[in-house]
Amino acid sequence: MKATARAHPNIALVKYWGKRDRVLNLPAVPSLSLTLDRYHTTTTVTWETQTDSVRLNAEAICGRPLQRVLDFMDRLWGPHRPCVHVDSKNNFPTAAGLASSSSGFAALALAGMAAAGREASKTELSILARQGSGSACRSLWGGWVSWDRGQKSDGSDSHGRPLAPQNHWDLRMVVAMIASGPKSIGSTQAMIQTEQSSRLYPGWVEAAPNDMVQATRAVLERNLPALGTVMEASTLRMHASMMSAEPSIRYWTPATLSVMERVEKLRKDGVPAWFTMDAGPNVKVLCDSTRADTVADTLRSCCEKVDVLQAGPDAFLL
């Protein structure tokens, strides 16, 4: 009873930030993402082992991270779960604001179900993956994926939905790696702190549906200026809500600001490029494929590393 799956992380362009149900990871807002190529998580699940164990990047994990995975496997299997071994590897930095949990739990859901000999649709896997990490519900699909807020209390209407395929639009995501280590505060803790104390949080929730409408139209029409504009607005509103929490949550560093300013200068100089950021200091820049080298060269001097990625594929079994 063993299977291996691979999934790619997705970067939210209209951001997911805040939960209407913390247990089921039901979002307070809708979101839209782009699944990336090259970065990936490869996960092997083996059921009916002698003890529960989880390894991430060749190291055994323990404490809360271990329990988070085992709780997820309880949901996947149901009552009377046998012991399980999980071995997961990321080929990109973990917990650094590069959406490693999105690819991680998508791969875990796919491999876990296959190893158990159970069939599940992508929608069912998306609902399952969401309960491990909200954004993982989008990484079952490649290309452009939306995630509805949903209305039902059981979460059955809140899952990823493919919007456009991997080959829909020839864009690039330039990742400016400012810090590859774990971020200072985890996303779940930061969300709770923002929800409970930020006076800007209600405005963030109110603005998100309109951002979603604009971004969806821009993707379908391949309108990069329209998509870039709403993407930056969504990012800045999300981070503003964090910064106004008590105590303030600030992921930005001087290098983060330097990258943002360079992207803005590129636009003034006629290079169409727009930035987005998740809960972390690293910056991602969306641009046309013909301008990706220019963007990457401009950012290299203020980053640890620059990667140029494009739209990635669906999660799949190896």
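Predicted model: local features only at pLDDT ≥ 70, side-chain atom pairs only at ≥ 80, totals over all residues.
Reader: Why is Asp 211 called buried?

Author: Its relative accessibility is 3%. Buried means under 20%. Asp 211 therefore counts as buried.

Reader: Where is Asp 211, and what is it in contact with?

Author: Asp 211 sits in helix H5, residues 201–221. Setting aside neighbours within four places in sequence, Asp 211 is in contact with Val 14, Val 230, Ser 234 and Arg 237.

Reader: What makes Lys 19 buried or exposed?

Author: Its relative accessible area is 14%. The limit for buried is under 20%, so Lys 19 is buried. Lys 19 is found in strand E3, residues 19–21.

Reader: What is Lys 19 in contact with, beyond its neighbours within four places in sequence?

Author: The contacts include Asn 25, Leu 26, Pro 27 and Ala 28. Thr 188, Met 191, Glu 195 and Tyr 201 are also among them.

Reader: What makes the pair Lys 19 and Asn 25 a polar contact?

Author: Their side chains are joined at 2.7 Å.

Reader: How far apart are the C-alpha atoms of Lys 19 and Val 29?

Author: They are separated by 7.8 Å, and the two residues are ten apart along the chain.

Reader: How do you know that the span of helix H7 agrees with its 15 residues?

Author: H7 covers residues 254–268. At 1.5 Å a residue, helix H7 should span 21 Å. Its end C-alpha atoms are 21 Å apart, so the two values agree.

Reader: Which residues of H7 are buried, and what puts them on the same side?

Author: The buried residues are Thr 256, Val 259, Met 260, Val 263 and Leu 266. They cover an arc of only 120° around the axis, which means they lie on the same side of H7. An α-helix has 3.6 residues a turn, so residues three or four places apart point the same way.

Reader: What is on the other side of H7, and what do the buried residues pack against?

Author: Pro 254, Glu 261, Lys 265 and Lys 268 are exposed on the other side. The buried residues pack against strands E12, E13 and E14 and helices H6 and H8. After H7 comes Gly 270, with a positive phi near 95°.

Reader: Why are E13 and E15 called edge strands?

Author: Four strands form an open, antiparallel sheet in the order E13-E14-E12-E15. E13 and E15 each pair on one side only, so they are the edge strands. On average, neighbouring strands of this sheet are turned by 25° against each other, direction ignored.

Reader: How do you know that E12 and E15 pair?

Author: Pairing takes at least two bridges. E12 and E15 share five, in the antiparallel sense. The pairing therefore meets the criterion. Ala 176 stands opposite Val 306 in E15.

Reader: Which helices lie against the strands of this sheet?

Author: H6 packs on the sheet and touches E12, E13 and E14, making about 30° with the direction of E13. H8 lies across E12, E13, E14 and E15, running at about 10° to E12.

Reader: What does E7 pair with?

Author: E7 and E9 pair in the parallel sense over four bridges. The partner of Ser 53 in E9 is His 85. Two bridges join E7 to E8, running antiparallel.

Notes
Residues numbered from 1 in each chain as written. Heavy atoms only, no water. Buried < 20%, exposed > 50% of the residue type's maximum accessible area, 1.4 Å probe, protein only. Contact = heavy atoms within 4.5 Å. Expected span 1.5 Å × (residues − 1). Arc of directions from axis to C-beta. Axes fitted to C-alpha atoms, helices over the stretch in contact; angles between N-to-C directions. Polar contact = N/O pair within 3.5 Å; in protein donor to acceptor, adjacent residues only side chain to side chain.
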